[in-house]
Amino acid sequence: MKKTVLITGATSGIGKATAQILAKNNFKVILCGRRTDRLNELEKELSEFTEVHSLAFDVRDKKDVLEKIASLPTSFSDIDILINNAGNAHGLDPIQTGDLDDWDAMIDINVKGLLYVSKAVIPKMTAKKSGHIINIGSTAAKEVYPNGNVYCGSKHAVDAITAGMRIDLNPFGIRVGGIHPGMVATEFSEVRFKGDTERASNVYKGFDPLQAEDIADIIHFVVSRPYHVNIADLVVMSTAQASSTIVKKDS
Ligand code: NDP
Ligand code: 8X3
């Protein structure tokens, strides 16, 4: 029987590539994001391969998150796999000049949004005593880099929450794991630099960065393991990257 997967942040980057690979490999997919035009387009594209349902919500709106997930039609309401992927960095400033709205966005989306979506999905998993939750962290969950302060803090929180979920959901036989990518060429830097496309594209110049499809491929591997295998924690970087700040670039 097909498994049902809910993916947040499916309108772009890692989430979109994950929806594409899973749809083509016998999973039913629930696509989440705010941009309805993109959700509609992707739903149309993937409906050729599988059953697809879209849910538009802002993960910061806890009432809407809970209502939208509760409103899923019966054929999609039994979620086997939750991929908490929605998130972004907002700004790259030293702590002394950081923007309060950027800080709110990162904590509210990357941390609280992940919790709201999980709160909406977990009860059915505990009731049936099975499920799989994958939280997308970052290398920023494992180390802190200059000016990364609050983004790194939000991702360290994701790492800690992932470990906490794994412990608390252990009696229910639910798999929980974190995947922590290094630099992936998506719209991530465009969001971080507020639409400054030149600054954003410079982030990925001079080396061969990870692509969204590389992470999606790994997510497909992780969710395809036999049920007794839980990939608990995975850090993935491009070969050119050794740490958040050490990247071998063409000279
Ligand atoms: P993208 O900017 O390409 O995608 C971000 C996704 O998150 C979009 O689909 C966006 O959808 C969704 N999103 C953002 N804010 C909200 C919100 N308030 N409510 C609902 N959805 C939201 O970036 P990536 O694909 O790179 O990022 C995906 C995840 O991977 C993030 O958690 C990021 O931190 C993490 N990551 C990224 C790395 C990278 O280098 N790119 C490296 C390590 C981790 P919409 O705008 O339609 O709502
Ligand atoms: C995204 C990668 O290096 O900007 O999490 O933290 S990085």
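In helix α6, the buried residues are Val150, Tyr151, Cys152, Ser154, Lys155, Val158, Thr162 and Met165. Buried here means that 20 or more other C-beta atoms lie within 10 Å of the residue's own; 12 or fewer make it exposed, anything in between partly exposed, and C-beta atoms are placed from the backbone. The model is predicted: local features need pLDDT of at least 70, side-chain atom pairs count only at pLDDT 80 or more, and totals for chains, interfaces and linings use all residues. Residues are numbered from 1 along each chain as its sequence is written, while chains are lettered from A and ligands numbered from 1 in the order in which they are written.

Stay with α6. This helix covers residues 149-168, 20 residues in total. From first C-alpha to last it reaches 28 Å, close to the 28 Å expected at 1.5 Å a residue. That expected span is 1.5 Å times one less than the number of residues. The cover over its buried residues includes α5 (100-128), β5 (132-136) and β6 (175-181).

Now step back to the whole protein. It has nine helices and seven strands. Both are DSSP runs, numbered from the N terminus: helices are H or I with at least four residues, strands E with at least two. The C-alpha trace spans about 50 × 35 × 35 Å along its principal axes. Of the 251 residues, 41% count as buried. Among contacts with a separation of 6 or more, 70% join residues 24 or more positions apart. A contact means C-beta atoms, placed from the backbone, within 7 Å.

What about the interior? In soluble globular proteins, nonpolar side chains tend to be buried together. The largest nonpolar core here has 61 residues, and Ile7, Val29 and Leu31 touch the most other members. α5 gives the most to this core, with nine residues. Such a core is a set of buried Ala, Val, Leu, Ile, Met, Phe, Trp, Tyr and Cys residues joined through C-beta atoms within 7 Å. Beyond its neighbours within four places in sequence, Leu31 contacts Ile7, Ala10, Ala19, Leu39, Leu42, Glu43, Val52 and Ser54.

Two ligands come next. Around ligand 1 there are 31 residues, of which Gly9, Gly13, Arg34, Gly87 and Phe188 come nearest. A residue is near a ligand if its C-beta atom, placed from the backbone, lies within 6 Å of it. α1 (13-23) gives the most to this shell, with three residues. The shell around ligand 1 has 12 nonpolar, 13 polar and six charged residues.

Finish with two single residues. Arg38 lies in helix α2 (36-46). It counts as partly exposed because it has 17 C-beta neighbours inside 10 Å. Phe172 sits in the loop between α6 and β6. With 14 other C-beta atoms within 10 Å, Phe172 is partly exposed. Leaving aside neighbours within four places in sequence, Phe172 contacts Met125, Thr126 and Lys129.

Methods:
Contact = placed C-beta atoms within 7 Å. Nonpolar A, V, L, I, M, F, W, Y, C, P; charged D, E, K, R; others polar.
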